[in-house]
Amino acid sequence: MTGLSLRSIQRFESGNDISLENFFKILIALGLADSLNDSIPDLEKRPSAFLDREKNNTKKRAHKPKTSSQVEFKWGDEE
């Protein structure tokens, strides 16, 4: 069904490395190719995406704008 040699299938079954192309052929023959997308993680659900979203939603502290009535600090020996 896969068009692969018996040796290639035996290598896969014994846990040895096979090419990605041969792996896809086996998935197609077993009817598992459609479920391959389920094995790829959703990038929106990764932990760093959650932290980025939280960082954008947090409020930043507001600082009072300096007014002209505020006097700069002087040590006393300055004129």
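A residue is classed as buried when its relative accessible area is under 20%, as exposed when over 50%, and as partly exposed in between (1.4 Å probe, protein chains only). By this criterion, buried residues account for 9% of the 79 residues in the protein. The structure is a predicted model, in which local features need pLDDT of at least 70 and side-chain atom pairs count only at pLDDT 80 or more, while totals for chains, interfaces and linings use all residues. Residues are numbered from 1 along each chain as its sequence is written, and side-chain values use heavy atoms, with hydrogens and water left out.

The protein contains three helices and zero strands, in the order α-α-α from the N terminus. Helices (H or I, at least four residues) and strands (E, at least two) are DSSP runs, numbered from the N terminus.

Ser-8 lies in helix H1 (residues 6–13). Ser-8 counts as buried because its relative accessibility is 18%. With residues up to four places away in sequence not counted, Ser-8 touches Ile-18 and Asn-22 (contact: heavy atoms within 4.5 Å).

Leu-20 belongs to helix H2 (residues 20–30) and counts as exposed because its relative accessibility is 56%. Together with Phe-24 and Ile-28, Leu-20 forms a nonpolar surface patch with about 310 Å² of accessible area in total. Patch residues have over 30% relative accessible area and no salt bridge, with like charges joined within 9 Å and nonpolar side chains (Val, Leu, Ile, Met, Phe, Trp, Tyr) within 5 Å; a salt bridge is a side-chain nitrogen of Lys or Arg within 4 Å of a carboxyl oxygen of Asp or Glu.

Methods
Areas by Shrake-Rupley, 256 points an atom, 1.4 Å probe, with all protein chains shown as cover.
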